[in-house]
Amino acid sequence: MNTPNKLTMLRLILVPFYVFFLLMPSIPHHYLAAFIIFAAAAYTDHLDGKIARKRNMITDFGKFADPLADKVMIAAALACFVQLGLTNAVVLIIIITREFAVTSVRLVAADKGKVVAANKWGKAKTISQISAVLFILLINYILELHKLGVINIERYDEAAFLCGVASDVLLWISAVLTLLSGAIYIVQNIDFIKQAK
C-alpha cells in the first residue's frame with residue numbers, strides 16, 4: 001500500500017476518535033479535541049491527493065477509497081451533530097442519499113471495467129462540507145468556553161443565535177452543492193446507468 005492510500009486509511013481510522021470526543025461532553029474541551037482530530041483527518045484528504053498526483057501514485061484503490069473515506073468522515077460528523085441537536089436530520093439525509101446514488105453509479109461503472117474518479121464538483125462539495133463541520137466545531141467550542149467561565153461573551157444569547165444561523169447556512173450551502181454535484185456526476189455517467197441490467 002503506497003503513501004497516499006495509507007493516508008486515506010488513516011482518515012478512516014481517525015473517524016471514531018473525533019466521534020468519541022464529540023459525543024462526550026463530560027470531557028473538558030471535547031469540541032476542541034474533536035476539531036483538531038477532524039481537521040487532521042481533513043488534511044489527509046488534501047495530502048493524499050497531492051502526493052498521489054505529484055508522485056504518479058494514483059491507483060484504482062485510491063480512486064474508490066479516497067471518496068469513501070470522505071463520505072464516512074462527513075456522515076459521521078453530521079450524525080453526531082444531529083444527536084447533539086446542532087443540525088436537523090434533513091441535511092444528513094440529503095448528503096447520504098447523494099452518496100448512495102453516486103456510489104451506485106461507481107459500482108455500475110466498475111462492473112463495466114471503468115473506475116470513475118471524483119470530479120471538481122465533488123471536490124467543491126467536500127470542501128464545503130469540511131468547512132461547515134470545522135466552523136460548527138470551533139464556534140461551539142467558543143460558546144462552551146463562555147459557559148465554563150473561561151471567556152465572557154457579551155449578549156451571549158444573541159451570539160449563540162447568530163452562530164446557529166451561520167451554521168445552518170453553511171450546512172445548507174453544502175447540501176445544495178451536494179445535490180448539484182450528485183446531479184452532474186450522474187449526468188456525466190448516464191451511459192453506465194443506461195447499460196445497467
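This is a predicted model: local features need pLDDT of at least 70, side-chain atom pairs count only at pLDDT 80 or more; totals for chains, interfaces and linings use all residues.

Trainee: How many helices and strands make up the secondary structure of the protein?
Mentor: The protein has 7 helices and 0 strands. Read along the sequence, the pattern is α-α-α-α-α-α-α.

Trainee: What makes the radius of gyration agree or disagree with a compact globule?
Mentor: For 197 residues the globule rule gives a value near 16 Å, and the protein has 18 Å, so the two agree. Along the principal axes, the C-alpha trace spans about 60 × 35 × 25 Å.

Trainee: Why is Cys-80 called buried?
Mentor: Buried means under 20% relative accessible area. Cys-80 has 4%, so Cys-80 is buried.

Trainee: And why is Cys-163 called buried?
Mentor: The relative accessible area of Cys-163 is 15%, which is under 20%, so the term applies to Cys-163 as well. Of the 197 residues in the protein, 43% count as buried.

Trainee: How many disulfides does the structure hold?
Mentor: The structure holds 0 disulfides. To count, a pair of cysteine sulfur atoms would have to be within 2.5 Å.

Trainee: How far apart are the mean positions of the positive and negative charges?
Mentor: The 19 positive and 13 negative charges have mean positions 12 Å apart.

Methods: Residues are numbered from 1 along each chain as its sequence is written. Side-chain values use heavy atoms; hydrogens and water are left out. Helices (H or I, at least four residues) and strands (E, at least two) are DSSP runs, numbered from the N terminus. The radius of gyration is taken over C-alpha atoms; the globule rule is 2.2 Å times the number of residues to the power 0.38. Buried means under 20% relative accessible area, exposed over 50%, partly exposed in between (1.4 Å probe, protein chains only). Lys and Arg count as positive and Asp and Glu as negative; His and the chain ends are not counted. The place of a charge is taken as NZ of Lys, CZ of Arg, CG of Asp or CD of Glu.
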